[in-house]
Amino acid sequence: MQTVHTLDVLRTSVTKLRSSGARIGLVPTMGALHEGHLTLVRRASEKCDAVVASIFVNPTQFGPNEDLDAYPRQLAEDAAMLKAEGCALLWAPEAREMYPDGFVTNVSVSEVSEGLCGASRPGHFDGVATVVNKLFNQVLPDMAFFGEKDFQQLAVIRAMARDLDLTLPHAHSIVGVPTVREADGLAMSSRNRYLSAADRAVAATLPQAMKQAIAEIEACSDAVPALASLEKALLEAGFESVDYAVLADATSLRAIDRLTGSSARLLVAARIGGTRLIDNMAVSA
């Protein structure tokens with residue numbers, strides 16, 4: 001596996017891969033890799049001839065009171081894991097390489113980015129859309145792979161690719177990979193390492209309460225009482241607060257009160273021990 005840190009070298013390396021006829025799959029990450037990330041690499045390996053992974057802790061998607069400085073950085077360990085999975089190329093730029101002096105452009109995706117996490121993290125999805133658009137232009141992948149755990153992020157990226165008429169990758173070539181979970185159901189996340197042992201035990205309540213709410217919604221279609229019960233269960237279990245618990249259309253992410261014929265998603269964000277956990281699950285009409 002080749003590791004590159006500058007854009008000129010990246011473009012030369014990608015050109016060599018493409019000239020050999022390789023179909024390229026991109027797996028963008030911020031590092032601190034776990035089994036969820038490696039699952040994305042494996043899915044990319046199944047669909048493509050060569051996998052390019054990126055590791056970049058993107059400063060533009062962190063708010064002023066968020067954990068940019070504390071975000072775990074372990075490039076050597078991450079590179080070893082990617083190499084073991086057969087990744088062809090690791091793109092690991094410094095911030096000054098991604099955002100050189102004089103950088104003034106921002107990509108903003110309206111509507112789908114405005115509720116849910118976007119409501120409490122202003123500017124976050126602008127930072128996500130901007131850096132992902134840059135990664136797409138830098139690597140020009142045939143396909144790109146993202147975890148469904150960050151479902152709103154996936155929706156934002158798909159909307160961006162659709163609206164900007166991207167071709168490498170095309171919007172239909174942006175693949176959402178199902179969330180990878182711990183044995184107790186908690187969605188894998190780099191932020192799980194921040195949880196104390198006691199908070200980690202309470203955190204397992206989140207997927208359990210979500211499954212119960214989904215069962216209630218699918219049984220009667222009315223989401224309002226199920227969402228209220230979900231929030232109550234989390235607070236009683238020991239969560240400090242619930243940022244949101246929403247049933248939404250799976251494409252637009254507009255909140256809905258009842259199931260209709262379109263696909264739906266239950267999305268939740270809750271805080272425990274200073275850590276903000278997010279999760280989502282499909283709901284069948």
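Visitor: What share of the contacts with a separation of 6 or more comes from residues 24 or more positions apart?
Guide: In the protein chain, such residues account for 72% of those contacts. Keep in mind that this is a predicted model.

Visitor: Okay. How many helices and strands are there?
Guide: The protein chain has 10 helices and 9 strands.

Visitor: And what does the chain span along its principal axes?
Guide: The C-alpha trace spans about 55 × 40 × 40 Å.

Visitor: What radius of gyration does the chain have, against that of a compact globule?
Guide: The chain has 19 Å. A compact globule of 285 residues would have a value near 19 Å, so the two agree.

Visitor: How much of the chain is buried?
Guide: Buried residues make up 53% of the 285 residues.

Visitor: Let's go inside. How many residues are in the largest nonpolar core?
Guide: That core has 49 residues. Those with the most contacts inside it are Leu10, Val132, Phe136, Phe146, Ile157, Met160 and Tyr244.

Visitor: Pick Ile157. What is Ile157 in contact with?
Guide: Set aside its neighbours within four places in sequence. Ile157 is then in contact with Val128, Val132, Phe136, Phe146 and Ile174. Val132, Phe136 and Phe146 are also among the residues with the most contacts inside the core.

Visitor: What about the second core?
Guide: The second core is separate and has 29 residues. Leu206, Ala223, Leu227 and Leu266 are among them.

Visitor: How does the lining divide into nonpolar, polar and charged?
Guide: The lining has 10 nonpolar, 6 polar and 6 charged residues.

Visitor: Ser252 is on that pocket list. Where is Ser252 found?
Guide: Ser252 sits in the loop between β7 (241-249) and β8 (264-272). Its relative accessibility is 23%, so Ser252 counts as partly exposed.

Visitor: How many Å separate the C-alpha atoms of Ser252 and Ala79?
Guide: They are separated by 36 Å. Along the chain, Ser252 and Ala79 are 173 residues apart.

Visitor: Now a strand residue. Which strand holds Ser54?
Guide: Ser54 is in strand β3, residues 50-55.

Visitor: Is Ser54 buried or exposed?
Guide: Ser54 is buried, with a relative accessible area of 1%. Not counting residues up to four places away in sequence, Ser54 touches Val27, Pro28, Thr29, Leu90, Trp91 and Leu135.

Visitor: And where is Val175?
Guide: Val175 is in strand β6, which covers residues 174-177. Why does Val175 count as buried? Its relative accessibility is 18%, and buried means under 20%.

Visitor: What is Val175 in contact with?
Guide: Beyond its neighbours within four places in sequence, Val175 contacts Met143, Ala144, Phe145, Phe146 and Arg158. Take Met143: its C-alpha atom is 7.2 Å from that of Val175. Yet Met143 and Val175 are 32 residues apart along the chain.

Visitor: On to the backbone. Which residues does a cis peptide bond join?
Guide: It joins Leu168 and Pro169, with omega about 0°. Pro169 lies in the loop between α7 (151-163) and β6.

Visitor: What is phi of Leu116?
Guide: Phi of Leu116 is near 50°, a positive value in a residue other than glycine. Leu116 is in the loop between α4 and α5. At 12% relative accessibility, Leu116 counts as buried.

Visitor: And Gly115, where does Gly115 lie?
Guide: Gly115 lies in the loop between α4 (95-98) and α5 (117-120). Gly115 is partly exposed, with a relative accessible area of 31%.

Visitor: One more. What is phi of Ser221?
Guide: Phi of Ser221 is near 75°, a positive value in a residue other than glycine. Ser221 is in the loop between α9 (205-220) and α10 (224-237). With 23% relative accessibility, Ser221 counts as partly exposed.

Conventions
Residues numbered from 1 in each chain as written. Predicted model: local features only at pLDDT ≥ 70, side-chain atom pairs only at ≥ 80, totals over all residues. Heavy atoms only, no water. Core = buried A, V, L, I, M, F, W, Y, C linked by side-chain atoms within 4.5 Å. Buried < 20%, exposed > 50% of the residue type's maximum accessible area, 1.4 Å probe, protein only. Contact = heavy atoms within 4.5 Å. 1 Å grid on protein atoms, 1.4 Å probe; cavity = no way out; pocket = protein on both sides within 12 Å on 5 of 7 lines; lining within 4 Å. Nonpolar A, V, L, I, M, F, W, Y, C, P; charged D, E, K, R; others polar. Helix = DSSP H or I, 4+ residues; strand = E, 2+ residues; numbered from the N terminus. Rg over C-alpha atoms; globule rule 2.2 N^0.38 Å.
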